[in-house]
Amino acid sequence: MKLGYKSVSLVIFLLVTALTSFAQDLLKYVNPNIGTAHSRWFFYTPAAVPYGMAKLAPSTNGSYGNLQGWEAVGYDTRHNSIEGFVHFHEWQVGGVSFMPTGGMLKTVPGELDKPGSGYRSAFDRKNEVAQPGYYSVILDDFKIKAELTATKRVGFHRYTFPQSSSSRIILSIGNVQGESGPITDASVEMIDATHFQGFVITYPKYVKTYDEGGRVAMYFYGELSEKPAEVGALNKEVATAGKRSSKGIGAGLFLNYKTTANESIEIKVGLSYTSVANAKLNLKTEAEHLTFAGAKAAAQAQWNAELGKLSVFGKNGSDKTKFYTGLYHALLGRGIASDVNGEFPRHDGSIGQLPKDAEGRFSYNFMNTDAIWGGFWNITQLWALSYPSHYSDFVHTQLEIYKERGWFGDGIANSNFVSGVGTNFVGLAIAGAYQADIRDYDLNLAYKAVLGNELNDQNRLVGSGKMDTRSFVAKGYVPFLDADKTDSTGSHFSGSHTLEYSYSAFAAAQLAKKLGKNEDYNKLLRLSNGWRMIFDPELKLVRPKNADGKFIDKFNPLEAWRGFQEGNATQYTFYVPQNPQGLIKQIGVKTFNERLNNIFETSQKNAFGGGKTIDAFAGIQSLYNHGNQPNLHISWLFNYSGAPWLTQKWTRAICDEFYGTESIHGYGYGQDEDQGQLGSWYVMASMGLFDVKGLTDARPTIQIGSPVFDRSEITLGNGKRLIIHAENNSKQNVYVQSATWNGKVLNNAWLYRDELMKGGTLRLIMGNKPNKIWGINVQPPSAQ
């Protein structure tokens, strides 16, 4: 029996619906609108599948672009009109916007504060639905219902129109979208009555700064469910009726329809970063016989399956909302950039090809990714726990970059370097993958690349970061430069760079030791102590040094940006994750605990960061800033200083107070979520698990905190099960009284990770007062 297209779609829909009904429906705990005030371009993309290329979302101000390349743009809960629905959303990647409209033709989106100045439409959030894999809204100006969903590489639209002789769909192709930067070329054309294709090439700000000459190309091939009554071309502000193609900056089309009441028009759009032909192939492979309803059901079943690898149970519904929304953001960020045939974009404009395994499947996916700066304190730990294939994809992607460019690139947009922070933790992340038993790559190549990232400076590309490597290797610290720059002689961010390079040198040293590279190990281990060279024993703070070895003058421990990137000396003094005991001894245990506890007591009054100021950098001059990466391990350091009850206290407080369930109070107040990093931190901390050392030890440990949930059931990446019981748990009972691991008494506030990954049950008895004798006798291993 041969099934028609509609029959096949119905079978898929029924099958997916049946499978979903057997699983816990976790989608109800995900609220994509959390944290959408001052959110980044890649943050809000409801109509997507985990790690998809197609990430569809409404845009309220994406056409505004942003001058510095990273500011909040795209969708903001404080805006009340929508200008289009955009397909590509990654770090430095944005483009291809569609907008259903009606009435008189308008050629530009218009301005937020000038209703009627363009084709944007007002909307009411009571008529907006945002779920993992699906988005819908009613556009009030046109009485149109817009719905979005996606497969990995195909975007789906369904627009339901009123009765009208002037219904319309705008295809805006050659215009700025979010972080896209300027458009250098674009094209869109109708190739028959119901199919269109085209491309847009952009020059993002961070490509221009860190990889001059590179470009980001996006290709598409679309299919309409109904033939338009009329097609016209757009070019900037000029409209030409009857023309079926448009090229260059401002290129677009308008498709006119005569619609009956509640008539729906559907669009499928295959996407690619390599070619129109591959966009068409992606559409044919993933969605040829798939309807909108079938795609939505499949997307949401996939979300349920991925979210369901971590199951948490507790009395407080808002905690589950924080947890699954955080997990959703972690699984949403860093989308694939390779096509169904394994092709992916290279920096030089050529097309790369992924290898296949013995069974004929592609061994990994190629990714686009924001910087991994701080990701070892959240997202890589989550990947290693339950999503190791994503960690493997990250490693393989960076090795592909290394093979083409000779260097790692921290942030990657279509193989272009878009670092942004000027440092590079890719080597550390790869060393962490190895120590977490993720090793399905060319180890010799990986080691060569990791070593070069730490030690090499000759002909180093700006986009690979660490342009001051030569000074660090020669002196053991990075000298301070008054000028706001970084070169081979030092850096204006010399304090934070010294600390960061010391940490990554440690990670590389442990990898070298595992591989028997003893000479490299000794050199790297010496460099890992660079933090000691800038530690001021009188102030008991880290303090940048000049090239002559003297501490800088006019030193203010709370001054941000002078010597420290996106932070200050008070915050960065605790940035010695590779050897917490060494730092504690330098400061003194009593002073260390009192100072750190006082920092948290003070910062709690300010929401653990920037207070209620809506800005990504609101907390960089504070004592502690949970809204940014350099601080995220600090609350866990008490496990190393003989006061684990303070880790229990403060990690729970941060989970309860920094994180919220509102559009403005989500991840702090307008703080920097960075493609799932703050969400990942909540997921790990709320289960009571964390590693200060970012999995870089030769034998990593997992430190224990205070689980938010009464019970967590974790499907580990190796298929085994980990269960965490927190008995007598409540908002007040945050302190561990006693513990067992697989029925045996556990007196340590930590476990070796390899033991944890065998699966089993961690049982914690909780109480409302600290047990100051539990977990203090044996601290987690520090220097290895």
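D357 is partly exposed, with a relative accessible area of 29%; the classes used are buried (under 20%), exposed (over 50%) and partly exposed in between, for a 1.4 Å probe and protein chains only. This residue forms a salt bridge with R361, and the closest N and O atoms of the pair are 3.7 Å apart. A salt bridge is defined as a side-chain nitrogen of Lys or Arg within 4 Å of a carboxyl oxygen of Asp or Glu. The model is predicted, and local features were required to have a pLDDT of at least 70 and side-chain atom pairs a pLDDT of 80 or more, whereas totals for chains, interfaces and linings use all residues. Residues are numbered from 1 along each chain as its sequence is written, and side-chain values rest on heavy atoms, with hydrogens and water left out.

By the rule above, the count comes to 35 salt bridges. R470 pairs with D457 in a salt bridge whose closest N and O atoms are 2.9 Å apart. R470 lies in helix 10 (residues 469–475) and D457 in the loop between helix 9 (443–455) and helix 10, so the pair ties together parts that are 13 residues apart in sequence. Helices (H or I, at least four residues) and strands (E, at least two) are DSSP runs numbered from the N terminus. Both partners are partly exposed, R470 at 46% relative accessibility and D457 at 25%. A network of salt bridges links R346, E400, K403 and E404.

A further salt bridge joins E266 to R158, with the closest N and O atoms 4.0 Å apart. Because E266 belongs to strand 18 (residues 263–272) and R158 to strand 9 (residues 154–161), the pair ties together parts that are 108 residues apart in sequence. E266 is partly exposed, at 25% relative accessibility.

The largest nonpolar core has 218 residues, and those with the most contacts inside it are F85, L307, F323 and L327. Such a core is a set of buried Ala, Val, Leu, Ile, Met, Phe, Trp, Tyr and Cys residues joined through side-chain atoms within 4.5 Å. Helix 11 (residues 494–514) gives the most to this core, with nine residues. At least three residues of the core come from each of domain 1 (35–308) and domain 2 (314–334 + 369–767), the bounds being taken from an automatic or database domain assignment. Apart from its neighbours within four places in sequence, L327 is in contact (heavy atoms within 4.5 Å) with L307, L310, L382, Y387 and V683. A second, separate core of 10 residues includes V154, F156, Y221 and L290.
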